[in-house]
Amino acid sequence: MRNLFAGTEAPYLEIYRALQGVRETFHREGRISDANAKLDETVKFLAIHFGHLKGLVPDEDYKTLSTRETFTVHLLNRVFSQVASSPVFQRQGMGSIFGEMPSTVFRDDDEAIAFELFTASGQVFAFGALTTDEWGFDALNEAFGHHVRDNFRDHIEDAQYMTPPEVVNFMVDIAIELVKANHTEGDDEFIIADPSCGVGSFLTRWRTVYEKSLHNSYTRNLKCIGQDKVDRMVRLSAMNLIFSESVYDDVFLGNTINDDSPISYYNGKVDLILTNPPFGARFSVERLKRTSSQSTPFFARKLSTTKVVDSEILFLDRYLTLLKTGGVCLVVVPDGVVSAKGIAALARQHLARSAEIIGIVELPPVTFAQAGTRTKTAVLGFRKTIGPRRSYPVFFSEVTDLGFQVSKRKGVPVKRSEGVNQLPEIATAFKSSFTSGERGASPVASAVWKDLSPDNYAAWTPRTMLFDREALERRVSHRLLPLRELTELPKKRRARAYTEDCYFVGVLHIIGESILDIPGIKSYQPVTPGLPVEPGEVLFSRINPRIPRVAVVPELGKKLLCSSEYEILTPKMGVSAYLLAFVLLSPLVQEQIQSLTAGTSASHSRIKPKKVYDVLIPDLKRADQNEIAKELERYEKTCQQITSSLIAIEDIRNSLDQLLH
């Protein structure tokens, strides 16, 4: 696939600029104050441009509208009414997706703003159409969905977090492989559903890829269905299905959780679900008992452990009722669904007993940053099954780079190219192992196949799976042993208040490998108490471990205290403190430490004290031990020289300051 951001003429950037033109026109003129109304009018203009592409608008009328001197609002409304009333924009049970009497809100004295919007939206449509061969209208979905949400929406409760095309493409790619593996013939329909369809990205992308990959070899007719509880999203999804030539697919208005919603007609009939459900909405169990006993039977029953269920957890139950036996679901979920305790663990237990987990791919926080949230998420895949099973291999992977970052431009989050999208490599690794049946070692280090028991629902976190002992031993050629075998048992240290007869080592006083902020340590006078520490012990910062802070405690001529955020490691007899410092800073150990980290954000994440001693390190008792010992001795001497030099510099500075004053 082409680099979406290559060069200044990349389609995405052109769509962004065109949408900025739409936004700025609305803002300058002040003709429409309601954000959602602005969105509605933009969609109407896009429909006119699409209508012209399909021959619904005469060339003469379109040319007249495209010229400022001949443009009139009267002609604009007449053309839009013709387009909106055409069969192309009709949907079963909906009529025209623009309502019974379709019209724009513009009147005769609005010609200036109407013409500007017609021109800007034409640029959006034109640049979106440039990408049709490669992504359908995903380019339009991305720029339109994300930027319009931020540019035109005022109310956070209406936020629609559109799924980036990088993730949509990945999920569709994996789904194609799973459908191929479960190939069945028949005269019935192959039904794919998105129960929270938003702008319809999953459905339109699936149809595009299906036509290229499966249509000639798959005799079952494809049926795409979507549902959303927001009327505006239903219209947008229907619009995108129309853009993708999906004239026989259905999009419904309704709350998917409710038993009486239109999508319930397909309970037990769906072959594939591709979706990104709403996060954080809460449903009371009492309400579920009244409205959703068939749709969410597991959570609608009386639960002694909880009175409310979050939407992202509740929807897992809903997918199981929609799927037929053997049906597959790929869903974006917040990280807590696969890792948290409480009701999330209960949901995993229910899922493990009702489905076979296919894989879990952890996504980076930037995934939905353009939509205004850095919630950590994962793609969860499962197949609905019946009956107990033995342990089976599950694909776990962690993705740290999607090939883009997000920054703000004029207050609007905008994607910019940076890094390399890892998802295609992960998809290839999954498909090669899945197709060959060899689900042992993964061809990439950031993925692993691990056996999962239906009774194991404690946590399905990819990072934990990637860095357990078995997975690590596959990556190294020597034996591993836990760090505790090199350290004494942790001492009980009584915290004491800082006094002038001691120095205090805070977390920020370790500023690099064996580099200490000596002036900072000597001048620091904290209010909080610290833990006593002895020279020759090793300090390891447990807070925010993504910034490694490890150092051997030096002799500074006074008693020493340190922050309670440090884990204090005491080397066993005959073990060098610098050996501990070295291994704690090694990539193998740092990867494990990151995998054991928990917390609400990077700046507040921590590793639990006991887990520090569980990290695995290479056993250095090997044939080339003499060479290793020689290098470790050189490392120790160098570190000591750095510390001695830092102390000497501090002494020299103090001496010179006294002489100069």
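Strand β15, residues 447-452, is mostly covered, since five of its six residues are buried. Here buried means under 20% relative accessible area, exposed means over 50%, and partly exposed lies in between (1.4 Å probe, protein chains only). Strands (E, at least two residues) and helices (H or I, at least four residues) are DSSP runs, numbered from the N terminus. The structure is a predicted model, in which local features need pLDDT of at least 70 and side-chain atom pairs count only at pLDDT 80 or more, while totals for chains, interfaces and linings use all residues. Residues are numbered from 1 along each chain as its sequence is written, and side-chain values use heavy atoms, with hydrogens and water left out.

The protein contains 23 helices and 25 strands. Of its 661 residues, 55% count as buried. The accessible surface comes to about 29,800 Å², and 52% of this belongs to carbon and sulfur atoms; accessible areas come from the Shrake-Rupley method with a 1.4 Å probe, and for residues only the protein chains shown count as cover. Among contacts (heavy atoms within 4.5 Å) between residues at least 6 apart in sequence, 75% join residues at least 24 apart.

Strand β15 runs antiparallel to strand β12, residues 392-398, and six bridges join the two. Two strands are taken to pair if DSSP finds at least two bridges between them. Tyr392 lies in β12, and its bridge partner in β15 is Leu452. With a relative accessibility of 7%, Tyr392 counts as buried. Leaving aside residues up to four places away in sequence, Tyr392 touches Ala355, Glu356, Ile357, Lys450, Asp451, Leu452 and Pro454. Ile357 is 35 residues from Tyr392 in sequence, and the two C-alpha atoms are 8.8 Å apart in space. A polar atom of the Tyr392 side chain lies 2.9 Å from the backbone nitrogen of Ile357.

Ile357 also belongs to the largest nonpolar core, which has 55 residues; Ile357, Phe299, Leu380, Phe382 and Trp460 have the most contacts inside it. Helix α13, residues 311-322, gives the most to this core, with seven residues. A nonpolar core is a set of buried Ala, Val, Leu, Ile, Met, Phe, Trp, Tyr and Cys residues joined through side-chain atoms within 4.5 Å. Phe299 touches Val285, Leu288, Val309, Ile313, Leu314, Asp317, Ile343, Leu346 and Ala347, not counting residues up to four places away in sequence. Another core, of 50 residues, lies apart from the largest one and includes Leu178, Val251, Val328 and Leu330.

Twelve of the twelve residues of α13 are buried, so the helix is largely enclosed by the rest of the structure. The buried residues of α13 include Ser311, Glu312, Asp317 and Arg318. From its first C-alpha to its last, α13 reaches 16 Å, close to the 16 Å expected at 1.5 Å a residue; the expected span is 1.5 Å times one less than the number of residues.

Two loop residues have positive phi values. Most residues other than glycine have a negative phi. Ser514, in the loop between β18 (510-512) and β19 (515-516), has a phi near 65°. Ser514 is buried, with a relative accessible area of 12%. Asn544, found in the loop between β21 (538-541) and β22 (550-552), has a phi near 45°. At 11% relative accessibility, Asn544 counts as buried.

Technical notes: Polar contact = N/O pair within 3.5 Å; in protein donor to acceptor, adjacent residues only side chain to side chain.
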